[in-house]
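This report looks at side-chain contacts.

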Amino acid sequence: MSAMDVPARRSETPEKPGVPTKRAVAYISWVALALMTTSSVASLRPAPTMAVYGLASIFLYVIPALVFLLPTALVSAELASGYEGGVYNWVSRGLSKPLGFLAVWCQFAMTIFYYPSLLGFVASTLAYVINPDLAASGVWTAIVIMVCYWTGVWVSSRGTSGVAGLASGGLIIGTLIPGTLLVILGVAFLGQGNESAAPMTASNLLPAWAGLSSLVLIVNNFLSYSGMEMNAVHVSSLKNPGREFPRAMFLSMGLVLLIFILPALAISWIVPADQLSLTAGVMQAFDAVFAAFDSQWLTPILGVMLVAASLGGMLTWLAGPSKGLLLISRQEGYLPPFLQRLNKHGVQQNILVTQGLVTTVIALAYAFIPDVSSAYWIFSVITTQVYLIMYLLMFVAAVRLRRKEPEHPRGYRAPMLTGLCGVGFCASLAALLIGFVPPSQFGSGNVGVYLLIVAGGALGLGLLVPYLFLKLRKPSWRTESGEEVPVA
């Protein structure tokens, strides 16, 4: 562990004989917070999605960073430094308790579609370890999703305390090492005189405009940047939040952009856009460039690294959002008693199993949708749209709380909060609406089926289901804080 990883400690008052001292306060440096944020946001998974745009991927990454990532980071920092309890408490106090439940529900519900898309990436990556032809098989993808998810449920339901450590090395093992290697090999590939598969001229800095559908893939970047509200809880661990938190966010934003943009460019140099798989694109690039250097035996090794990091991240996320939903539901009675039950290890197993049944149905869609990339994209869009509902509520709640409770103590006050919330709200709403437009890459598909799946998934899961829970809930669903939920 480096010195930067160790929080600085100091006593708030000097020790005096006979006078009790205040408890020491633990601090972290703003650089450490920036790296923590980078590790939780950055990933190679979305790289193929943007690689189809070549040099224009820079533009398509920077714009969401400015209009979504930055407002989300600064606004959630103010909320976290003034109000405990996360997004439920923020929206409940700023708007209403039912809307607070909607916000925390969306934070949980987005994982229902997130895991199939994440494990779809795992399936395609794992195919390059076994047989690359499997990457295009929907049946293979469905089997891997179901096996990995249910194995994760089994591990999580046993209350394994060591699972959290699995993702600690994920940034290095599954992102930094493969990403750096991919960029270096990409540069060497071009240095050998090979022509870039994507044009790298100034005229290609902006995406070609072919109507609204040509910009739809930018929606996926909102999901890539999501989760900042969870990192905002660390703002109170800074010595000078007002000065240091913006520094940490700008540094992390720069690092995240480098991790997102450079591998995407490297893939675009190596794999032509019309041959690129949205799930297996990273492995396609590695396989092609290793072949150019007569080192294809390294492809399975990189595949194992990417799979291990993704599965570690899945395990650490699996129980988190559902646990938050459980705690709120026990206090307010939002979920029926069956979903509030715990197993003997104190884990919300019934929620995980119910979620798993839905995930299994979604996984089977991979077997019936002819193009695996299309299925991956659809589930990524639904995930993003459900999550964006939560962000819309968060931005409105932040403005309301600043007006309703201006004197409430906050460790950090976001500059121009109303403006930041306005930009973030409009960007989130635009991304949510654009998600209903089929991207130009899938223009040959059935638009009606696309709209039905996306609208049914996003609006049904994000709005209809929580509405039914609120409409049908009974006083008996509420578990008083002093009572225990029956063990399953």
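## Aromatic cluster

Tyr88, Phe101, Trp105, Phe108, Tyr334 and Phe469 make up one aromatic cluster. Here, rings of Phe, Tyr and Trp (its six-membered ring) pair if their centres lie within 6.5 Å; planes under 30 degrees apart are stacked, over 60 edge-to-face, and the rest tilted.

## Basis of the model

The model is predicted: local features need pLDDT of at least 70, side-chain atom pairs count only at pLDDT 80 or more, and totals for chains, interfaces and linings use all residues. Residues are numbered from 1 along each chain as its sequence is written, and side-chain values use heavy atoms, with hydrogens and water left out.

## Aromatic pairs

A search of the whole structure gives 14 aromatic pairs. One of them joins phenylalanine 68 and tyrosine 391: the ring centres are 5.0 Å apart and the planes stand at 80 degrees, so the pair is edge-to-face. Phenylalanine 68 sits in helix H3 and tyrosine 391 in helix H16, so the contact ties together parts 323 residues apart in sequence. Helices are DSSP runs (H or I, at least four residues), numbered from the N terminus. Both phenylalanine 68 and tyrosine 391 are buried. Buried means under 20% relative accessible area, exposed over 50%, and partly exposed in between (1.4 Å probe, protein chains only).

Tyrosine 149 and tryptophan 150 also pair. Their ring centres are 5.8 Å apart and their planes at 85 degrees, so this pair too is edge-to-face. Tyrosine 149 is buried, at 1% relative accessibility. Tryptophan 150 is partly exposed, at 29%.

## Salt bridges

The structure holds 4 salt bridges. The criterion is a side-chain nitrogen of Lys or Arg within 4 Å of a carboxyl oxygen of Asp or Glu. Arginine 402 bridges to glutamate 78, with the closest N and O atoms 2.6 Å apart. Arginine 402 belongs to helix H16 (residues 372-404) and glutamate 78 to helix H3 (residues 57-82), so the bridge ties together parts 324 residues apart in sequence. Arginine 402 is partly exposed at 24% relative accessibility, whereas glutamate 78 is buried at 3%. A network of salt bridges links Glu78, Arg402 and Arg410.

Glutamate 405 and arginine 93 meet in a salt bridge at 3.0 Å, N to O. Glutamate 405 lies in the loop between H16 and helix H17 (417-434), and arginine 93 in helix H4 (residues 86-94), so the pair ties together parts 312 residues apart in sequence. Arginine 93 is partly exposed, with 33% relative accessibility. Another bridge pairs glutamate 332 with lysine 97 at 3.2 Å, N to O. This pair links distant parts of the chain: glutamate 332 in helix H13 (residues 320-332) and lysine 97 in helix H5 (residues 97-130), 235 residues apart. Glutamate 332 is buried at 16% relative accessibility; lysine 97 is partly exposed at 43%.

## Cysteines

How many disulfides does a search of the whole structure find? The count is 0. A disulfide would need a pair of cysteine sulfur atoms within 2.5 Å. Cysteine 148 is buried, with a relative accessible area of 16%. Cysteine 421 is buried as well, at 3% relative accessibility.

## Alanine 288

Alanine 288 lies in helix H11 (residues 281-292). Alanine 288 is partly exposed, at 31% relative accessibility. From alanine 288 to phenylalanine 189 is 99 residues in sequence and 9.9 Å in space, C-alpha to C-alpha.

Definitions and conventions. Helix = DSSP H or I, 4+ residues; strand = E, 2+ residues; numbered from the N terminus.
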